[in-house]
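User: Hi! Could you walk me through this model? I'd like to go through it bit by bit.
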Amino acid sequence: MEFLKRNWSTLLLIGAIAAYLGLSMGTDRCPLCVVTDFATGGTSDSTAPRKSAQVMGELEQVTWQAKTIDGLEINSDSCKGKVTLIVYWATWCAPCREEIPTLVALRNDFSKDEIEIIGVSVDEAYKSIEHFITTNKINYDIARNNESLDQAFGPIRYIPTIVILDQEGKVHQRHTGVVGPNVIRGQVQLLLEKKA
C-alpha cells in the first residue's frame, strides 16, 4: 500500500499510456484522435468504416492558396482543369504514412496535367519535415497547413483526411481515415472520364 501511495502519479501515467496505446490498436485513426474522442465524448466521421466516403452535399467551389516547402505558390486557380487531392497528414501519424505509397503511385501513374496532389502537413511549424519527405520518396507537392486552407477545407480535426476536388475546383469527396488505393484511384479516374 505504501508503494501505491508513493508512486500513484507514475502508475497513473503508465495506465494512461497503456490505455492510449490499447485504444488506438486496431484502428485506422491516429492515437491522438482516438484519445481526443474518448476524452471529449465526441465522435466524428473518422469513426466510419475504413473505406467509406463522406459525400459532400452540394458541390461547392472553394478558393485557397498555399506555398510548397520548395517555395512554389499553389492555389485554387493553378489547379483548375485538374483533379486535385488535398491530403492532410503528419509525420507522426501511422495511418498517414500507410497512405503515402498510394499517393506516390498515383503521382507516377497520372500526369501533372491530369491530377495535382498536395500533401498538407499539420506538423508543428518548427518541425523539419524535409528528411521525412526524402526518406519516404514523396514525389508530390508538400505544403504546411495555413489559414487559407483551414477556411476552405477545415479546420481538420482528424488525419489522414483527403479532400478530392474536381476540375472546376469543387469539393467532390472527403475521406477521413485510411482509404483503400482502389477507392482513391477509382474516384480520380471517374472525374477524369467525366471531363473527357
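Predicted model: local features only at pLDDT ≥ 70, side-chain atom pairs only at ≥ 80, totals over all residues.

User: Thanks! How many aromatic pairs turn up in the whole structure?
Analyst: The search finds two aromatic pairs. In one, Trp-64 and Phe-153 are tilted, at 6.3 Å centre to centre with 55 degrees between the planes. For the criteria, rings of Phe, Tyr and Trp (its six-membered ring) pair if their centres lie within 6.5 Å; planes under 30 degrees apart are stacked, over 60 edge-to-face, and the rest tilted.

User: Where do Trp-64 and Phe-153 sit in the chain?
Analyst: They link distant parts of the chain, 89 residues apart: Trp-64 is in the loop between strand S1 (54-55) and strand S2 (65-67), and Phe-153 is in helix H6 (residues 147-153). Helices (H or I, at least four residues) and strands (E, at least two) are DSSP runs numbered from the N terminus. Trp-64 is buried too, with a relative accessible area of 4%.

User: And why does the pair of Trp-89 and Phe-132 get its label?
Analyst: Their ring centres are 5.5 Å apart and the planes make 25 degrees, so the pair is stacked. This pair also joins distant parts of the chain, with Trp-89 in strand S4 (residues 83-89) and Phe-132 in helix H5 (residues 130-135), 43 residues apart. Both Trp-89 and Phe-132 are buried.

User: Switching to helices, what does H7 look like?
Analyst: Helix H7 (residues 181-195) has 15 residues and reaches 22 Å from its first C-alpha to its last, close to the 21 Å expected at 1.5 Å a residue. That expected span is 1.5 Å times one less than the number of residues.

User: Which residues of H7 are buried?
Analyst: Ile-184, Gln-187, Val-188, Leu-191 and Leu-192 are the buried ones. Down the axis of H7 they fall within an arc of 130 degrees, so they line one face of the helix; the arc is that of the directions from the helix axis to the C-beta atoms. An α-helix has 3.6 residues a turn, so residues three or four places apart point the same way. On the other side of H7, Asn-182, Glu-193 and Lys-194 are exposed.

User: What do the buried residues of H7 pack against?
Analyst: They pack against S4, helix H4 (94-109), strand S5 (115-121), strand S7 (161-165) and strand S8 (171-176).

User: Tell me about S7, then. Which way do its residues point?
Analyst: Thr-161, Val-163 and Leu-165 point one way, Ile-162 and Ile-164 point the other, and all are buried. In a regular strand the side chains alternate between the two faces of the sheet.

User: What about its partners, and how many bridges join S7 to S8?
Analyst: Five bridges join S7 to S8, and the two run antiparallel. Val-163 stands opposite Arg-174 in S8, while the bridge partner of Ile-164 is Gln-173. S4 and S7 pair in the antiparallel sense as well, over five bridges, with Val-87 opposite Ile-162. Strands count as paired if DSSP finds at least two bridges between them.

User: Why is S8 described as enclosed?
Analyst: Six of the six residues of S8 are buried, so S8 is largely enclosed by the rest of the structure.

User: And what's in the turn between S7 and S8?
Analyst: S7 and S8 form a hairpin with five residues between them, and Gly-169 in the turn has a positive phi of about 85 degrees. Lys-170 lies in that loop and is partly exposed, with a relative accessible area of 23%.

User: Last one: what's the chain's average confidence?
Analyst: The pLDDT averages 82, and 72% of the residues score at least 70. pLDDT is the predictor's confidence in each residue, from 0 to 100. It stays under 50 over residues 23-29, for which the model has 17 contacts beyond four places in sequence. A contact means heavy atoms within 4.5 Å.

Technical notes:
Residues numbered from 1 in each chain as written. Heavy atoms only, no water. Buried < 20%, exposed > 50% of the residue type's maximum accessible area, 1.4 Å probe, protein only.
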